[in-house]
Amino acid sequence: MSARSKGPRLGDYFMGRRRTSHTFLDEIDAVIDWLPIQAFLTKKLKRKANAVGNPAYPPLPMFKVLLLQRWYNLSDPATEQALLDRLSFIRFTGFSFEDDVPDETTICRFRNGLIRLGLLDKLLDMINWQIEARGLLVREGAVVDASVVESSRRPRRVIDVMPEDRAEGDEGLVSDEPMGRDENQEPTVRVSYSDDEAAAWLRKGRRAHYGYKVHVATDSRDGFLLGGHVTPANKSDTGEFERLLDTASMEPGAYVFADKGYASFTNREALRQRSLKDGTMDKATRSGPLTEFERTRNRLISSVRQLVERAFGTLKRGYGFIRSRYVGQDKVEGEFHLLAMAFNIKKAVLLAHS
């Protein structure tokens, strides 16, 4: 049946009978019930006719288009073209073979509308609860971390001082304070002009990055993305910890694992107030090095933290999230939420068939 018309069309009937290879897209309906998502989108979005008076596309097929973009790393123009000639895309979305498909402008407007209304994080929660209800996602613990995503814009550079990201290594002292120029390091830089005004510079080691920091929480068993948010790259990880705890929605008694960049009295107190167990790594201080017990504890926590690092690796290498596609903090955060939904659905399908 067409997603836009009231009943099946002749072309849809014959194409529906055509034999095709089984794809990942055919497995999704066994994991995700689209009816609650359709009801949510229909309630939140007001459908309007387009500029020439044609009825608007239904929201669920349009939402599925956004997921297809993430799974196949497609731009808006490439997605429009794929909807015209890929049978698997038509079957998955429910568009008709005989009707027009949404063009790149329509796709862009729909995505921006979801971002403007703040619906994407709620959709991620809905999908996660469905995966959890099927026993595929288990919130027995959470792992939090952050990673830099480059801006889609390349600004002009000038010499200046910028914050340095927290150090790594068991003995390293952590500092998010601006650091002075070292004559043995490459010059530090900041943006002089860019149309991506929300992005910021951050120095990691000898490299400078201009963009955003994505703060995420994953479950500690399989690495599903429980949620997250985006800040300018120079934002300290430590101050984002409590927001991640609320995003993860963990039951009392669950462990929360984090690297030493999150170690602070405030964050440990936030865990205590929520009756969550402290899995934050210890860090050395100026008053003394780590004890042998603290070193061993850090190694055990690090073995769990690899789940969130693997998730970042998949998002960047597999989904192209090394650099954002869009300009502005809200749009980059919306891009992350779409990626998280696509990531979790695909992981759930693989686990369901393992």
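# A tour of the predicted model

The structure holds 1 cavity of 30 Å³ or more. Here a cavity is a set of points on a 1 Å grid over the protein atoms alone where a 1.4 Å probe fits but cannot get out. Grid points are joined across faces, edges and corners, and a volume is the space filled by probe spheres set on the points.

Before selecting anything, note that this is a predicted model: local features need pLDDT of at least 70, side-chain atom pairs count only at pLDDT 80 or more, and totals for chains, interfaces and linings use all residues. Residues are numbered from 1 along each chain as its sequence is written, and side-chain values use heavy atoms, with hydrogens and water left out.

**Stop 1: the cavity**

Select Gln69, Arg70, Asn73, Tyr319, Gly320, Phe321, Arg325, Glu335 and Leu339. These residues line the largest cavity; lining residues have an atom within 4 Å of a point. The space inside is about 50 Å³.

Helices (H or I, at least four residues) and strands (E, at least two) are DSSP runs, numbered from the N terminus. Then colour by domain. Domain 1 (10-45 + 53-117) and domain 2 (138-154 + 196-325) each give at least three residues to the lining. The domain bounds come from an automatic or database domain assignment.

**Stop 2: strand E1**

Select residues 141-150. This is strand E1, and 10 of its 10 residues are buried, so the strand is largely enclosed by the rest of the structure. Buried means under 20% relative accessible area, exposed over 50%, and partly exposed in between (1.4 Å probe, protein chains only).

Look along the strand. In a regular strand the side chains alternate between the two faces of the sheet. From E1, Gly141, Val143, Asp145, Ser147 and Val149 point one way. Ala142, Val144, Ala146, Val148 and Glu150 point the other way.

Two strands pair if DSSP finds at least two bridges between them. Strand E5 (residues 207-219) runs antiparallel to E1, joined by 9 bridges. To see one, select Val149 with its E5 bridge partner, Tyr212. Strand E7 (residues 255-258) pairs with E1 in the parallel sense over 3 bridges. There, Ala142 has Val256 as its bridge partner.

**Stop 3: salt bridges**

How many salt bridges does the structure hold? There are 15. Each is a side-chain nitrogen of Lys or Arg within 4 Å of a carboxyl oxygen of Asp or Glu. Side chains of opposite charge can pair when their charged atoms come close.

Move to Arg139 and Glu132. They form a salt bridge, with the closest N and O atoms 2.8 Å apart. Arg139 is buried at 12% relative accessibility. Glu132 is partly exposed at 23%.

Now centre on Asp282, which is buried at 15%. Its side chain meets that of Arg268 in a salt bridge (3.6 Å, N to O). Arg268 lies in helix H10 (residues 265-273) and Asp282 in the loop between strand E8 (277-280) and helix H11 (292-318), so the pair ties together parts 14 residues apart in sequence. Arg268 is partly exposed, at 27%.

Asp282 also meets Arg297 in a salt bridge (3.1 Å, N to O). Arg297 is in helix H11, so this pair ties together parts 15 residues apart in sequence. Is Arg297 buried or exposed? It counts as buried, at 19%.

**Stop 4: Asn298**

Select Asn298, also in helix H11. Asn298 is buried, with a relative accessible area of 0%.

**Stop 5: two serines with positive phi**

Most residues other than glycine have a negative phi. Ser249 has a positive phi of about 50°. Find Ser249 in the loop between helix H9 (241-248) and E7. Ser249 is partly exposed, at 36%.

Finish at Ser275, in the loop between H10 and E8. Its phi is positive too, about 60°. Ser275 is partly exposed, at 43%.

Technical notes
1 Å grid on protein atoms, 1.4 Å probe; cavity = no way out; pocket = protein on both sides within 12 Å on 5 of 7 lines; lining within 4 Å.
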